[in-house]
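Hi everyone, thanks for coming.

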Amino acid sequence: MSNTAPPPTAIAPLDLAAERAALGPALEEAVLAVLHGGQYVLGPEVERFEREFAALCGVEHGVAVSSGTDALVLGLRALGVGPGDRVLTSPFSFFASASTIAWIGAIPAFCDVDPETGLLDPELAGAAIDAETRAVVPVHLYGQLADTAAFRALADARGIALLEDAAQAHGATRDGQGPGALGDAAAFSFYPTKNLGAAGEGGMVVTRDAATAKTLRELRDHGSPAKYEHAFLGTNARMHAFQGAVLNVKLPHLARWNARRREIAARYDAAFAGSDAVRPLRREPGCEHAYHQYTVRIAGGERDAVLAGLRERRIGAAVHYPTPVHLQEAARGWGYGPGDFPAAERLAAEVLCLPVHPFLADGDADRVAAAVLALTAG
Ligand SMILES: Cc1ncc(COP(=O)(O)O)c(C=O)c1O
């Protein structure tokens with residue numbers, strides 16, 4: 001008999017197999033019903049999902065589209081952003097928050113984020129808005145809502161549009177209000193790894209404004225208010241019926257799944273409470289965090305060594321995001337460089353996202369926390 005201890009089991013960043021098992025036969029039944037029904041694009045499943053997801057956000061209208069990227073593109077277009085307009089967003093996000101601005105011919109502009117939360121700072125945003133700025137796109141990073149009330153006040157004072165990037169914030173609230181409650185529109189992604197994930201690509205724009213919703217519906221369908229009539233240029237960004245059906249099965253579980261994420265986050269918080277080396281990002285008052293990611297900062301240049309140590313222990317930690325948006329190669333022509341946004345650049349060097357998903361056992365969360373503490377002790 002070998003006296004070598006068996007390697008510890010892997011602790012994955014998410015567990016879609018456990019999620020499928022928890023849903024039982026409902027998921028497969030819903031998909032088969034669409035297959036046999038023959039309505040594959042938009043249709044009743046997508047319409048039901050639009051209604052129920054918009055209701056969860058506390059807003060009247062939901063327009064389902066083919067990805068979170070398209071939700072941002074169409075959201076910008078529906079709010080009147082076009083070529084040459086300047087749009088302010090976060091330099092510390094997934095690339096799509098800014099690239100969608102450039103993709104429609106507008107000009108991405110940045111200001112720095114709060115170094116403790118990674119969220120776009122409304123005061124810095126106020127200073128960065130100029131006469132050419134047409135919209136601001138705060139990002140609800142990791143599942144915590146940016147200070148949307150402050151951005152609303154700013155957008156009103158400066159006469160610009162407010163589009164929330166809510167791709168990571170399903171079910172999150174701030175002062176009781178979800179994405180779309182204060183913004184002119186909010187864009188969601190249902191990429192499979194999100195808190196509410198499709199079995200493929202999917203997205204939605206929610207809005208309180210009926211006219212914006214109408215424009216969005218037309219934009220996702222080649223600018224078409226009626227069959228073979230095209231009032232303006234749009235695209236094909238319609239949600240597939242299979243995705244609507246999958247999302248309808250999952251939606252009733254979202255609140256419970258998010259609550260479990262918060263329990264795990266509280267466990268991590270307690271474990272790291274006495275550590276100077278491992279500092280969780282700050283929670284904002286009044287925020288019901290969706291913990292799409294549970295993120296700590298590891299200072300002193302140690303982050304990559306800790307990440308490597310966790311991977312050796314088969315713990316699925318990750319860095320979202322190792323390079324700030326303004327330093328990406330594709331952003332070279334946007335006029336920014338190293339040192340422009342010190343908080344974003346420092347976060348990119350320090351953040352570490354630990355496994356947090358609804359099917360993570362307490363014991364596994366404790367093992368992750370113990371490993372992080374052990375790796376930072378020396
Ligand atoms: C903050 C943010 N914005 C936009 C997107 C784009 O969404 P999608 O991948 O569905 O196109 C994502 C998805 O990863 C995201 O995290």
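I'll start with how to read the model, then go through the sheet, and end at the ligand.

What you see is a predicted model: local features need pLDDT of at least 70, side-chain atom pairs count only at pLDDT 80 or more, and totals for chains, interfaces and linings use all residues. Residues are numbered from 1 along each chain as its sequence is written.

Now the sheet. Helices (H or I, at least four residues) and strands (E, at least two) are DSSP runs, numbered from the N terminus, and two strands pair if DSSP finds at least two bridges between them. We have an open sheet of 7 strands with mixed pairing, in the order β1-β8-β7-β5-β4-β2-β3. β1 (61-65) and β3 (107-110) are the edge strands; each has a single partner, so one side of each has no neighbour in the sheet.

Let's stay with β1. Its antiparallel partner is β8 (residues 203-207), joined to β1 by 5 bridges, and Gly-62 sits opposite Val-206 in β8. Helix α3 (residues 44-57) packs on the sheet there, touching β1 and β8. Contact here has C-beta atoms, placed from the backbone, within 7 Å.

And the ligand? It is surrounded by 15 residues, the closest being Ser-67, Gly-68, Thr-69, Ala-167 and Ser-189. Near means that a residue's C-beta atom, placed from the backbone, lies within 6 Å. The elements giving two or more residues to this shell are α4 (68-78) and α5 (96-103). α5 also lies across β2 (86-89), β3, β4 (133-137) and β5 (161-165). That's my tour, thanks!

Methods:
Contact = placed C-beta atoms within 7 Å. Axes fitted to C-alpha atoms, helices over the stretch in contact; angles between N-to-C directions.
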